[in-house]
Every structure is written in structure tokens, then in C-alpha cells.
Amino acid sequence: MHLCRISALKQVYFSCRRECNEKDESIFFGISERPGKDSRGNTIFKSGADKTWKNVDHDLEEISVEFKKFLVNEEIGW
């Protein structure tokens, strides 16, 4: 696996060169709609909650759950 690019938004892309005979593949593409930070990089917390990592207003847990379902449905061992 090769590290391809780290952009200013701190997104990390991984790619792996491989041979594939199947043209019909499923791809998981998760998009965070609540990144937990504002445009200045300040952490956004859930309203009325303590300022801890568990209370950051993000949807990464939801994306993680969906990704795990995808792995099981596609029979991908990780």
C-alpha cells in the first residue's frame, strides 16, 4: 500500500496496485457531513455536553458502523 497524498485538509489517500479480473466491484465511499470542526479548525462540541472527545459533534462513528457492515456484506476480511 502506498501513501499517495496528504492535502491541506489532512485527508489521506491510500492506493494499492493490484490485478483484478472482476469488473463488477463494490466500493465503500463514506462522506462525513459533520466533521467536528468549523472552518477555522475549532472543535465543535454537542450542545450542553462536556468538552471531551466523546462529545465532539461528528458522524465518524456512524461511518465506521456502515463501513463494518460493508466489510461483512462483501465478505472482506480486515
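## Starting at Lys69

Lys69 has a relative accessible area of 45%, which makes it partly exposed. In this predicted model, salt bridges that share partners also bring Arg34, Asp57 and Glu62 together in one network. The structure has 3 salt bridges in total, so let's take them in turn, using the 4 Å limit between nitrogen and carboxyl oxygen.

## The pair within helix H1

Which residue does Lys69 meet in a salt bridge? Its partner is Glu66, with 3.4 Å from N to O. Both residues sit in helix H1, and because they are 3 residues apart, about one helical turn separates them. Glu66 is partly exposed too, at 41% relative accessibility.

Now to Arg34, whose side chain forms a salt bridge with that of Asp57 at 3.0 Å, N to O. This pair connects distant parts of the chain: the two residues are 23 apart, and each lies in the loop between strand S2 (12–15) and helix H1 (60–73).

Arg34 also forms a salt bridge with Glu62, where the closest N and O atoms are 3.8 Å apart.

## Exposure of the network

Are these side chains buried or partly exposed? Asp57 counts as partly exposed, because its relative accessibility of 24% falls between the 20% and 50% cut-offs. Arg34 is partly exposed at 33%, and Glu62 is partly exposed with a relative accessible area of 48%.

Definitions and conventions:
Residues numbered from 1 in each chain as written. Predicted model: local features only at pLDDT ≥ 70, side-chain atom pairs only at ≥ 80, totals over all residues. Heavy atoms only, no water. Helix = DSSP H or I, 4+ residues; strand = E, 2+ residues; numbered from the N terminus. Buried < 20%, exposed > 50% of the residue type's maximum accessible area, 1.4 Å probe, protein only.
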